[in-house]
Amino acid sequence: MNGTMITKTTSVNRRRLRNLLNKSDNRICADCGAPDPKWASSNIGVFICLKCCGVHRSLGTHISKVLSVTLDEWSNEQIDAMSEVGGNSAANAIYEAHIPEGFSKPGPDAGIEERKRFIRSKYELQEFMKSSLRISTGKSSPSFKLIFSSKFMDSFRIKPTDDEDGMVEFIGLLKVTVVKGTNLAIRDMMTSDPYVVLTLGQQTIQTAVIPSNLNPVWDEDLMLSVPNNYGPLKLEVYDHDMFSADDIMGEAQIDIQPLISAAMAYGDPEMFGNMQIGKWLKSDDNALIEDSIINIIDGKVKQDVQLKLQNVECGELHLEVEWLPLDQ
């Protein structure tokens with residue numbers, strides 16, 4: 001009887017872990033952006049890659065308790081704690097709230113020293129957190145449940161950071177719906193396993209992988225915070241490989257300035273009926289297939305974007321972008 005109960009509990013926990021890991025923001029490492037993390041810090045509440053996992057272990061279990069998603073046994077309490085945090089994006093909204101200008105986040109190919117410096121600053125020294133949220137680690141595990149209570153996280157996600165020198169201030173959110181791809185490039189024998197990666201500033205987020213499909217339909221919503229000094233939204237499409245590095249399947253950039261300027265010029269969109277308020281024009285300098293129209297639809301500012309992927313033999317992508325001011 002006991003053996004049966006343990007197996008059943010383990011099976012349920014595995015399923016809960018898989019569901020957490022399948023969230024879009026958890027499909028890349030919280031610290032370097034590497035795809036398909038298979039490790040986690042159970043007390044911090046983030047999913048991390050193998051390279052960053054080694055650095056977390058070196059911090060000590062009083063800072064980060066590292067577990068393998070596939071090899072270690074997880075308790076209900078540990079999975080509850082991971083769920084309470086809300087995912088990599090929610091944790092990074094706290095731990096990376098104030099990354100100083102000039103202090104870059106390591107990428108997937110970063111060296112060990114660069115990873116150590118960033119991860120130690122992020123979690124042990126808590127240099128990027130708001131000073132009012134910093135907690136003493138001491139010799140025992142810090143009270144992360146206090147920081148990541150659901151009520152606190154829900155309120156924090158929509159708040160801009162303080163306007164401090166060298167710190168990032170957010171002015172709003174982008175809701176990007178990755179609708180579908182058309183005639184994407186072949187990167188395997190006769191097909192590809194595509195997924196889309198979006199990057200804005202130091203934020204990176206990706207869609208699910210659609211196996212064996214050159215005309216994938218994602219219809220997946222991704223959220224990105226927009227910093228005050230924003231640049232273009234960068235988009236890359238990759239073919240997922242199990243045993244080698246993922247292959248690039250094209251890229252493009254989206255100029256979000258017309259959308260944001262139009263939205264701010266009209267103010268509260270709920271005061272207007274459905275109407276066109278702006279346009280991003282197709283040109284030789286961008287990847288647009290046709291002019292991208294910005295509309296107020298049912299009290300929301302939305303933009304339909306059709307892109308021809310660049311630096312690849314073929315492929316198109318359809319997106320819908322919505323602007324969300326912080327007061328919403």
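A residue is called buried when its relative accessible area is under 20%. The model discussed here is predicted, and buried residues make up 47% of its 328 residues.

Q: Why is His240 called buried?
A: The cut-off for a buried residue is under 20% relative accessible area. His240 has a relative accessibility of 14%, and therefore counts as buried. His240 lies in the loop between strand 8 (233-239) and strand 9 (247-254).

Q: What makes the pairing of the side chains of His240 and Asp36 a polar contact?
A: A polar contact requires a pair of N or O atoms within 3.5 Å, one able to donate a hydrogen and the other to accept it. The side chains of His240 and Asp36 make such a contact at 3.3 Å, so the distance falls within the limit.

Q: Which residues does His240 touch, leaving aside those up to four places away in sequence?
A: His240 touches Asp36, Asp193, Tyr195, Val209 and Asp246. Contact here means heavy atoms within 4.5 Å.

Q: How do you know that the buried residues of helix 3 are on the same side of helix 3?
A: The buried residues of helix 3 (residues 76-85) are Ile79, Ala81, Met82 and Val85. They cover an arc of only 155 degrees around the axis, and therefore lie on the same side of helix 3.

Notes:
Residues numbered from 1 in each chain as written. Predicted model: local features only at pLDDT ≥ 70, side-chain atom pairs only at ≥ 80, totals over all residues. Heavy atoms only, no water. Buried < 20%, exposed > 50% of the residue type's maximum accessible area, 1.4 Å probe, protein only. Helix = DSSP H or I, 4+ residues; strand = E, 2+ residues; numbered from the N terminus. Arc of directions from axis to C-beta.
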